[in-house]
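Hi,

Here is the structure I said I would pass on. Have a look, and my notes follow below.

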Amino acid sequence: MTSTPYDSIATWYDAFVSDESHAGNFGIRYLFDLMGGVRGLSVCDLACGQGRIARELARRGAHVVGVDISAELLAMARRAEDTDRLGITYVHDDAQAIATIAAAQFDGAVCNLGLTDIPDLRATVQSVWRVLKPAGWFVFCIPHPCFEPPHADWLTTAEGQPLRVIRDYFGEGFWQSSNAEGLRGKVGAQHRTLSTLMNTLTAAGFAVERVLEPRADKVSIARVPGYAMVPTLLLVRSAKVAFDGDSGSNAITT
């Protein structure tokens, strides 16, 4: 199993995402809006981390399997399950293969702010397609690739207005922030353009059904006023499209 830098920062990361002011937290309600009702459904929480989304899915009546590559974050998730039993199964696996899970197991899959941590997007999306039942859905949230690309910055105009500076939108691949105290300074991220993201989805056999670019909440805007101007998150709902002769494995070859 490939190692992950999240193992070494698991305690820090848990506190980071649990902070009310964390910029990505406001997107969770939109994530659940895109999923819709989950009661009775089998759902995979991909890159589940310490299980925040998995637990809420279970509370809403879903049968949940959480998958993550970080043994330390999974240990936190399992401790939470031991304390408050919700029937969640946690699996130590790589999202790029999901090798421990058979084909056509889930009604839906969700990934909250995890795709930008995964090097091979194409393999990951194909793996999600494989483990979904026919017409299963895939919902995910990522930092908006147009406004959160590598080394984007905030400046202030002479009139005192915030100004977003985009430095290298077309520079796809791994990057790392110079801010050693932030998440992207600690673990880096994978940047893809919007077209790469959407084309990878459709090439793997997904139909894009709905896209959201929500305005940040008041807490986030109070911390970074520019968040009132541009979206920081991109959320997508897509559905598995059955190929001719579909037998539970993706028809696209690698």
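A crossing counts as left-handed if the near helix is turned anticlockwise from the far one by less than a right angle, and right-handed if clockwise. By that rule, α2 and α3 cross in a right-handed way. The contact (heavy atoms within 4.5 Å) involves Ile28, Leu31, Phe32 and Met35 from α2, and Arg52, Ile53, Glu56 and Leu57 from α3. Six of these residues are nonpolar, none polar and two charged (Ala, Val, Leu, Ile, Met, Phe, Trp, Tyr, Cys and Pro count as nonpolar, Asp, Glu, Lys and Arg as charged, the others, Gly among them, as polar).

Some ground rules: this is a predicted model, where local features need pLDDT of at least 70, side-chain atom pairs count only at pLDDT 80 or more, and totals for chains, interfaces and linings use all residues. Residues are numbered from 1 along each chain as its sequence is written, and side-chain values use heavy atoms, with hydrogens and water left out.

Leaving aside residues up to four places away in sequence, Thr4 touches Ile69 and Ser70.

Ser8 is in that segment too, ahead of α1 (10–18), but Ser8 is exposed, at 65%. Its C-alpha is 9.8 Å from that of Leu73, 65 residues away in sequence.

Cheers

Key: Helices (H or I, at least four residues) and strands (E, at least two) are DSSP runs, numbered from the N terminus. Buried means under 20% relative accessible area, exposed over 50%, partly exposed in between (1.4 Å probe, protein chains only).
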